[in-house]
Amino acid sequence: MDKEINYTESYFADDRVDGIEKVTGKAKFAAEHPLAEMAYAVFVCSTIPKGAIKNMVLYEARNAPGVLDIIYYLNCPTIPGHRPYDKDPNKKGFEWRGLKVFNDNIIYSNGQPIALVIADTLERAVYAASLVKAEYVTEDFITDFEKGKKDEALLKKAGDYKRGEADAYKTAAVFVEDEYTIPIETHNPMELHATTAVWEGDNKLTVYDKSQGPKGTQAELARNFGLDEKNVRVVTEYVGGAFGSALRSWPHVPAAVIAARKVKRPVKLVLTREQMFTMVGYRPHAWQKIAIGAGKDGKLVGISHHAISNTSTYEDFSEGIVGVSQFLYDCPNVNTSYKLLPLNINTPTWMRGPGPATGCFALECALDDLSYKLNIDPIELRLINYAEVHPASKLPWTSKFLKECYALGKEKIGWHNRAAIPGSLKENGMLVGYGMAGGVFGAGRGQAAAKGILKSDGSLVLQSAVSDMGPGTSTAMVTIGAELMGLPMNKIKFELGDTDLPPGPTQGGSGSTSAVGAAINAVCDSLKQTLKEMAIQQVPAFSTAKPEDVQYKKGMLFFKSDKTISISYTDLLQQSGKPEIEVIKDSARASAEAQKYAMHSFSVHFVKLQVHPVTGVIRLEHIVSTADAGKIITPKPARSQMVGGAVGGIGMALTEEVVIDHHFGRYVNSNFGDYHVPVNADTPIIDVLFADKPDPIINPMGSKGIGEIALVGVAPAIANAVYNATGKRVRELPITPDKLLS
Amino acid sequence: MEQEYKENCAGESRRDFLKKSTALAALATATPVLLKAAGNDEKIAGYFEKIPLQLEVNGKVHNLSVEPRVTLLDLLREQLNLTGTKKGCDHGQCGACTVHVDGRRINSCLSLAVMNEGKNVTTIEGLADGEKLHPMQESFIKHDGFQCGYCTPGQIMSAIACVKEGHANSVDEIREFMSGNICRCGAYPNIVDAIMEVKKGGQPL
Ligand code: FES
Ligand code: FES
């Protein structure tokens, strides 16, 4: 890669490249592709948590105006992926992961889709769906996490870990030992999950879907319906947020495809907000018990961290909750355990910062408690136990600028104003508290392919089949292309969200910029190489040169030894009669690097807040989020991503909680009026500071990842600030005023 | 297999009712054209369920025939193909569907289309003047007042109204009067900055 590249001195503005589409309403999301003869599908959902459908009453619905069909388990066509053993009982075919929609009459959870009504207008479909009645055989169920976790027989082991002595914390001079709980939290992106399916003939399918991974959805659908991948096209041009909920295909995706096949028309299926709570995953309910022991000098002696999180009864979902205790701080003795509790609710899934978001709540709050017991400043305590190498694998980090983050945040939040004694600082009758906590998430580089089409009119088209659910992947890719090719950003277009493009990764785990950026890097290198070779072959002045004698800079090719000999690449293409050149490049996964290094992004969040001493109402005043996310490619969207993570963390800390009525096994607050996500008035001043140091190993751009660490650590930072303000430690999220009063 | 034994006598379906009463009565007096169009029960039902509606959207007058149960939001999105206005909840709880009706911001999911007879609707598609963006749209881009962009049309429509209402005099006031618009991507501080700049700029909105 040419050395003239310097991302900090980017001379390009970093307005989002898709900003105009988004502010004018032109951006088309999954449910916004107008198609002739569109039919509308609406789910009917189960109203019991466990049992079986005894009878479905469809007469009225079938005869309602405009109804084209009603699909349910008795008339649903056989789907290869739903019954992988039917054809070939000896061999296991591809089996659809999770709930096989309309496959049988078994009910696993409340809100499970049991029928799909298809009509010629949305209103008619909604009305007809209201006429469908189901009768059930009900069975005993369990939706109560607190009750279930006490029953050992229900728990499934999901992995233990030990290094050094187990429970060594007990031997330490000082230790803390407590339990922490987080409730179910839902992603609830603003765009409702939606799938529009269109069949062209019997074997060709196009799907407009809300998906974080068009290639993944394509593969799932192709195998599920027994089609060739090349005959399944998935389009995800714009994705209205997802935060993990669109990492996999949920039952509505095949349901729309089945419906389109049956009615022989394009079918649009949009979930309702209520269905967004019960059909597309959530962050699981989790209980944790953590104990940390340290010497009087603050040096950690042992950490024991145990967790139980819920899954469904038809699928196991686990995440790395206790993993953070194994490597975030240097500690000789660590033991962890993790178990799953299957409940009669739908399957959870990865939600922003999956694993560490939950784990850091316990770890970072426990460390805070420990700091008061030791009478050591919480930042100091973390510095005392700073992990210079990965404490479990002993591998060096590819890069770690966490100390810089502590320093940046401490200064910005005004940490020196913090009172060491909880509840002792007051301003205008309000209790004032400061808190901090760290976050971490794995970094790396996944596999990706990209195509570049460099045109003689001076424009460049870059392509890869990824999604951009909001972080600004398109903007980052255009920025990388602009820097590498020395072209203005407005000459470059990044095309994405279509499986017809070269395969890109699923957008998740903060990995898009690294993987796709590396592929774009390879594409640009190859384009430059091709141009150099073309110049040598076709321009007489270059004919004696070898490729290494030719330099490419900002659209010009030079002779290295004699800069007066030059040609612009547009002239070169025109001269050689080629309107464009095209290259496709693959960039491999960073597997070899992962053998030699530990790869992580880090964050530290600082919070200043006020608590009303009588009502317990919490008012956030200031959040400072700092991060070591490697080199920052696009400062403006990167900052927004951090801000967004902090806002998500506010919800996790203070308001978000799915409530289940265990008499009926039903969610009672599945709407935005009752499930409280943060609104504008809940949001304080948020400052973002990046260490902004390139990682030398992970990818050519020097970037790591931002999406997850933006949220991981925010909730414990708030909890720690609440403790600092009030002296009350709330270990059960969300921290609502009632918990501060009791 | 399918046991539809509950074919109920207690409550006739709406179609059955129509067949027996209104529809038959209407058919008796209908013109031949109508009779031809109403070739089956669904079409008859459809014809009688729709009522005329005149509506101006982004300066264009539409003469429509819509069912009374169609919301303004669904009319815009599904019938007029103005998908810039978003559906986030359909319950008046998120603000994604915010449009201006006669200059006031409303949640279009909470308004039946037919309640807007003769009114003037402005959606996100009606803000820009050709290539020239509305100052609020420009300010949202400049301040990165969004990530995924799904809540954005609603935020922008709300933001313009917020300034016009005189509710954008301070950061706190903006936060309060923009709290009916949820942004799950959490772009709130940037949205406030974008509005503050437009307010200070004082351009006519
Ligand atoms: S869609 Fe109208 S307020 Fe949410
Ligand atoms: S920008 Fe994604 S919801 Fe607001």
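The legends below walk through close-up views of a predicted model.

Residues are numbered from 1 along each chain as its sequence is written, while chains are lettered from A and ligands numbered from 1 in the order in which they are written. Because the model is predicted, local features need pLDDT of at least 70 and side-chain atom pairs count only at pLDDT 80 or more, whereas totals for chains, interfaces and linings use all residues; side-chain values use heavy atoms, with hydrogens and water left out.

**Figure 1. Chain A as a whole.** Chain A has 18 helices and 29 strands, where helices (H or I, at least four residues) and strands (E, at least two) are DSSP runs numbered from the N terminus. The radius of gyration of chain A is 28 Å, close to the 27 Å that the globule rule gives for 742 residues, so the chain is as compact as a globular protein of that length. That radius is taken over C-alpha atoms, and the globule rule is 2.2 Å times the number of residues to the power 0.38. Along its principal axes, the C-alpha trace of chain A spans about 85 × 75 × 55 Å. Buried residues make up 65% of the 742 residues in the chain; buried means under 20% relative accessible area, exposed over 50%, and partly exposed in between (1.4 Å probe, protein chains only).

**Figure 2. The largest cavity.** The structure holds ten cavities of 30 Å³ or more, and about 120 Å³ of space lies in the largest of them. Closest to its centre, among the 19 residues that line it, are Leu99(A), Pro251(A), Met279(A), Tyr314(A) and Asn346(A). A cavity here is a set of points on a 1 Å grid over the protein atoms alone where a 1.4 Å probe fits but cannot get out, and lining residues have an atom within 4 Å of a point. Grid points are joined across faces, edges and corners, and a volume is the space filled by probe spheres set on the points. The lining of the largest cavity has seven nonpolar, nine polar and three charged residues. In this sorting, Ala, Val, Leu, Ile, Met, Phe, Trp, Tyr, Cys and Pro count as nonpolar, Asp, Glu, Lys and Arg as charged, and the others, Gly among them, as polar.

**Figure 3. The second largest cavity.** This cavity has a volume of about 100 Å³. Its lining includes Glu185(A), Phe243(A), Arg283(A) and Met351(A), and also Arg184(B). By class, four of the lining residues are nonpolar, one is polar and five are charged.

Figure 4. Side chains of opposite charge can pair when their charged atoms come close. Asp500(A) pairs with Arg233(A), the closest N and O atoms being 3.3 Å apart. Asp500(A) lies in the loop between β20 (492-495) and α13 (512-538), and Arg233(A) in strand β11 (residues 232-235), so the pair ties together parts that are 267 residues apart in sequence. Asp500(A) is exposed at 58% relative accessibility, and Arg233(A) is partly exposed at 29%. Another bridge joins Asp18(A) and Lys22(A) (3.4 Å, N to O); here Asp18(A) is buried at 8% and Lys22(A) is buried at 2%. Look too for the network of salt bridges that links Asp178(A), Asp368(A), Asp369(A), Arg729(A) and Arg731(A).

Figure 5. The twelve residues of helix α6 (residues 252-263) of chain A should span 16 Å at 1.5 Å a residue, and the end C-alpha atoms are 16 Å apart, which agrees. The expected span is 1.5 Å times one less than the number of residues. Ten of the twelve residues in α6(A) are buried, including His252(A), Val257(A) and Val263(A). Just after α6(A) comes Lys264(A), with a positive phi of about 55° although it is not a glycine. Lys264(A) sits in the loop between α6 and β12 (267-270) and is exposed, at 73% relative accessibility.

Figure 6. A cis peptide bond, with omega about -5°, joins Leu733(A) and Pro734(A). Pro734(A) lies in the loop between α17 (714-726) and α18 (737-741) of chain A. Elsewhere, Lys554(A) has a positive phi near 45°, in the loop between β21 (550-553) and β22 (556-559).

Conventions. 1 Å grid on protein atoms, 1.4 Å probe; cavity = no way out; pocket = protein on both sides within 12 Å on 5 of 7 lines; lining within 4 Å. Salt bridge = Lys/Arg side-chain N within 4 Å of Asp/Glu carboxyl O.
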